[in-house]
Amino acid sequence: MPLALYPLALAVFAMGTSEFMLAGLVPDIASGLGVTVGTAGLLTSAFAIGMVVGAPLMAALARDRSGRAALLGFLLLCAAAHAVGAVATGFPVLFASRVVAALAHAGFLAVALTTAAALVPPDRKGRALAVLLSGTTVATIVGVPAGSLLGTLLGWRAAFWAVAVLCLPAAAGILRSIPGRRPESGTARALGAELARLRRPRLLLVMLLGALVNAATFASFTFLAPVVTGTAGLGELWISVALVLFGAGSLAGVGVAGRLSDRRPGLVVAAGGPLLLTCWPAPALLAHRPVTLLTLVFVPVALSFVLGSTLITRVLYKAAHAPTMAGSYATAALNTGAAGGPLLASATLTGTDLGPLWVSGALVVLALLIALRSAPWHPSPLTGARGQP
């Protein structure tokens, strides 16, 4: 894989840490700024909404710039937003900084997806995407616990400063390794033409399936802590263990997808979908057995990331004729799932900790039903008409 992919992965690691570390910092932010925990929790919602809206908006604004200029601009904007957040003395300023950080993150990821795909041969997009998304998965293993620990030891502001500092070596790497060529005249389609290509039914189907799989993943991830300490009866220390297992599963899943999604996408979904359907209800049925629960945290997450990464890779293949906007649609699909899954799961937290796990299973059922129902009209939503990528 080209070395240029790794500064992109480092940047995604920094931004992924920022996105997920807030779960462990909300109580301290609330007490530090004199707001309720519920109010501080709005920071998470603001970030998710900013990601969904920002991906296509930022990609459209950056489409006439070189990939390097766009990536550097978004990354430095993200660093600046975290620096402002770190010194914020009031909640409105911190809230605004999180919205700006989300817009920058969304724009960066949208451009990075298409840049990564362009750095490799046409039949290796899945491998490139696996390297890029490894930044997010490593963030869940290392970055998020480290951010929470830093917040505990030095205060939540230190975690924001750490993310800002992490952006700088990534920016230096991008400056040195990503080509600075502007899009040649005539190579990029008009924005309307690209959006028209992205409205094709088969492409929308793949994005919908990717969003549902990601919604299932984050429905359970967001409310994993109560299952660990409640139903399983483990101490709070085991929450970190469960989160590390979640991150390890996501990293393993992305790695497997990188090897299979370019050549065997149909096989991945045909085998992985039914397996995932059985894996999400299993923790709900066996959560009272701590060792079994922790083992089952790894397995469905790994399968989810195998499927999710494969589906997003297919978006990049199918949207090859929309080079500046394809990554933004893939980003929006992922984050629509990440925002919608926890919202649905939260409605089930009435007297039981296990509702989110059942929601995850139901979302996978819905994805499989949609895939099966669409088959007669869309013979191969994951490959071309003759099985090509």
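What percentage of the 389 residues in the protein do buried residues make up? The figure is 52%, where buried means under 20% relative accessible area, exposed means over 50% and partly exposed covers what lies in between, with a 1.4 Å probe and protein chains only. This is a predicted model, in which local features need pLDDT of at least 70 and side-chain atom pairs count only at pLDDT 80 or more, while totals for chains, interfaces and linings use all residues. Residues are numbered from 1 along each chain as its sequence is written, and side-chain values use heavy atoms, with hydrogens and water left out.

As for the overall build, the protein has 15 helices and 0 strands; both are DSSP runs numbered from the N terminus, helices being H or I with at least four residues and strands E with at least two. Take contacts (heavy atoms within 4.5 Å) between residues at least 6 apart in sequence: 85% of them join residues at least 24 apart.

Helix H8 covers residues 201-222, which makes 22 residues. From first C-alpha to last, H8 reaches 31 Å, close to the 32 Å expected at 1.5 Å a residue; that expected span is 1.5 Å times one less than the number of residues. Since 17 of its 22 residues are buried, H8 is largely enclosed by the rest of the structure.

Now for the inside. A nonpolar core is a set of buried Ala, Val, Leu, Ile, Met, Phe, Trp, Tyr and Cys residues joined through side-chain atoms within 4.5 Å. The largest one has 87 residues, and Phe 108 is among those with the most contacts inside it, along with Leu 8, Leu 71, Leu 75, Leu 132 and Ile 174. Setting aside neighbours within four places in sequence, Phe 108 touches Leu 8, Ala 11, Val 12, Met 15, Leu 71, Phe 74, Leu 75 and Ile 174. Another core, of 17 residues, lies apart from the largest one and includes Met 21, Ala 30, Ala 88 and Ala 159.

Helix H1 (residues 5-33) holds Thr 17, which is buried at a relative accessible area of 5%. A polar atom of the Thr 17 side chain sits 2.9 Å from the backbone oxygen of Phe 13.

That leaves the cysteines. With a disulfide taken as a pair of cysteine sulfur atoms within 2.5 Å, the count is 0. Cys 78 has its closest cysteine sulfur in Cys 167, but at 4.4 Å that is too far for a bond. Cys 78 is buried, with a relative accessible area of 1%, and Cys 279 also counts as buried, at 13%.

Methods
Polar contact = N/O pair within 3.5 Å; in protein donor to acceptor, adjacent residues only side chain to side chain.
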